[in-house]
Amino acid sequence: MGNRKYRGIEKKQARWGFLFVLPALLFFSLFNFYPILNAFYTSFFNRKVLSRAKPLFVGLENYVRLFDVARASNPLSFYNSLRATLVFTLGTFIPLLVLSLILAVFISNLSSSKAKKFLQISYYAPAVLSSVVAASIWMIIFDPRGLGNQWLNALMRTPGIDRKWLVDPTMEQVSTMIIYFWKYIGYFVILFITGLASIPPTIYEAAIIDGANKNQTFWRITLPLLKPTVVLVSVMSMLQCLKTFSTQYMLYTNGAPRAPINVITFNIYITGIQEQYLSRASAMSVVLFIMMMLLTLLQFRTTKSENVDY
Amino acid sequence: MQIERNNIAAKTITVVVLIVMLLFTLMPILFMVTSSMMTSRQILRMPFTWIPEGINWINFSKAIKGLDNNYIFLRNILNSLVVSTSVAVTTVLLGSLTGYGLAKFNFRGRNTVFMMIMGTMMIPFETIMIPLYMVVTMLRIQNTYVGLILPFLVSAFGIFQMRQYLTTFPTEFLDAARVDGMGEFGIYAKIVLPNCKPVIATLSILSFRSQWDNLLWPLLVSQSAKMKTIPQYISAFAEEKATDEGAMMAAAFIASLPMFILFMSLTKYFIGGSSVYESRKG
């Protein structure tokens with residue numbers, strides 16, 4: 001009798017639990033699962049926004065078009081977008097990873113906790129600005145008469161040279177990388193500082209007693225124990241870079257050439273929203289989705305095996 | 001002797017690198033602040049002088065009056081505030097409700113639900129914006145707050161954070177309240193929610209600023225000037241006033257002020273919040 005009553009309470013509670021997660025479940029079904037399925041579905045048709053004609057099933061035609069080798073020479077092709085995304089991602093995430101690790105080690109080795117805090121806050125400050133603001137500041141710095149040329153020329157002792165930051169295709173890509181790097185460096189420095197703080201100090205003490213110098217402790221202890229953070233930071237920064245949009249949008253709307261910085265997200269925006277080729281844009285979205293899903297799965301796998309034995 | 005010299009060299013390198021990086025991160029921000037008070041000629045003078053000669057107030061009035069002298073910037077600031085605040089509130093409420101349900105209740109399919117929600121982290125906003133755009137056009141909610149807010153009501157990351165936090169919450173408290181005859185929803189609202197303050201702080205800041213920074217979705221949803229948000233205003237202003245650098249920097253400065261005030265007063269939540277996986281959709 002009592003047992004049945006208890007079970008009744010448990011059942012009632014279980015119902016409440018389900019009721020509590022139901023709104024979120026509905027939300028994710030409508031605004032995440034349905035759209036991604038819809039993106040796959042739409043990518044097999046020839047849907048355009050303004051066309052009244054019923055969308056036609058075209059099979060893989062949109063994908064064939066994206067990867068059509070004959071189009072590869074077109075400066076605004078999807079191949080070029082893949083290239084632009086890859087160049088931007090590698091060119092941004094590698095410096096981010098290496099420098100944020102170095103800076104985090106340097107900061108962690110400082111003795112004054114006030115200096116530590118000040119540096120962390122200052123490095124993080126650009127992340128507080130929105131991406132559009134970041135881009136508009138740097139666009140003025142990259143003006144032919146701006147600080148970018150002045151500083152670089154002072155540094156390299158080459159007075160009067162214009163580096164064409166926002167005009168030259170290569171420099172334009174470098175400029176987007178600099179802007180992105182500037183905005184996110186502090187964020188990753190802090191991730192590494194947190195990772196470094198989780199390494200027990202007794203290990204270092206033991207190493208010093210054994211006569212290891214700073215170089216050795218870094219390569220033999222810090223880096224191996226920091227591996228989970230390194231993997232996490234690299235995947236996260238790669239995912240971030242793949243999603244870049246605002247910087248490229250800002251430069252383009254201010255007259256910089258589109259082809260060098262026509263990253264996938266920007267291409268989706270132009271194709272789907274401005275040119276209204278919904279199906280073509282959906283096919284690009286699916287490709288981007290698959291790329292990012294592979295990276296995320298990699299991240300889940302590495303974070304699962306994150307626990308290090310000391 | 002050799003070791004000591006090496007040590008000094010290492011210390012010098014450390015200090016130099018840290019200072020160079022400090023200049024690199026802070027100079028552009030300082031540049032925005034000083035040049036918001038300068039005329040264009042002063043901003044692009046070679047060499048650049050960091051101290052403005054008096055404050056050029058006209059930059060700020062130009063930035064606020066906007067391209068058509070209709071003060072639309074103020075309205076756009078309001079829009080950004082409404083959208084960012086709403087998203088922060090719904091993320092906290094729905095996140096805590098769902099996280100509580102997942103952490104403290106045993107129901108059939110709980111793990112499946114949790115895995116499904118975590119799975120949405122693999123669906124970046126950029127890949128679903130085209131279908132979402134079609135939904136919004138179908139529902140005719142372009143140029144509305146609902147349209148701007150709807151796709152960001154709650155995030156998987158928010159639910160995850162709340163669930164992790166609440167798993168350690170003592171169940172005895174909840175049972176005691178049940179014995180006292182408190183309803184399940186009352187327990188959530190009166191006991192669970194008030195006890196999540198640290199997560200609420202981090203989470204609301206994260207979601208607030210991700211919307212404050214969001215350009216892509218408003219670009220799709222808000223075409224009318226009245227319903228645009230700050231990032232849209234800044235980008236349109238920069239496009240039209242490309243040669244008026246002072247006014248551009250004044251607009252950028254105004255747009256950054258609220259976030260900077262938040263950052264200065266709640267630094268620990270900003271920096272603490274970034275040390276966990278941040279799923280920024282949008």
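Biologist: What makes up the secondary structure of chain B, how many helices and how many strands?

Modeller: In this predicted model, chain B comes to 15 helices and zero strands.

Biologist: Why is chain B called more spread out than a compact globule?

Modeller: The globule rule gives 19 Å for 282 residues, whereas the radius of gyration of chain B is 24 Å, well over that value, so chain B is more spread out than a compact globule. Taken along the principal axes, the C-alpha atoms of chain B fill a box of roughly 75 × 75 × 35 Å.

Biologist: What share of the residues of chain B count as buried, and what makes a residue count that way?

Modeller: A residue is buried if 20 or more other C-beta atoms lie within 10 Å of its own, and 48% of the 282 residues of chain B count as buried.

Biologist: How many residues does each chain bring to the contact between chain A and chain B?

Modeller: Chain B brings 71 residues and chain A brings 74 residues. On the side of chain B that touches chain A, the elements that give two or more residues include helix H4 (72–104), helix H6 (125–138) and helix H14 (245–265) of chain B, while H1(B) gives the most, with 12 residues.

Biologist: How do the residues on that side of chain B divide into nonpolar, polar and charged?

Modeller: The side of chain B that touches chain A has 54 nonpolar, 12 polar and five charged residues; since Ala, Leu and Phe are among the residues that count as nonpolar, residues of that kind belong to the group of 54 wherever they occur on this side.

Technical notes: Residues are numbered from 1 along each chain as its sequence is written. Chains are lettered from A and ligands numbered from 1 in the order in which they are written. This is a predicted model: local features need pLDDT of at least 70, side-chain atom pairs count only at pLDDT 80 or more; totals for chains, interfaces and linings use all residues. Two residues are in contact if their C-beta atoms, placed from the backbone, lie within 7 Å. Helices (H or I, at least four residues) and strands (E, at least two) are DSSP runs, numbered from the N terminus. The radius of gyration is taken over C-alpha atoms; the globule rule is 2.2 Å times the number of residues to the power 0.38. A residue is buried if 20 or more other C-beta atoms lie within 10 Å of its own, exposed if 12 or fewer, and partly exposed in between; C-beta atoms are placed from the backbone.
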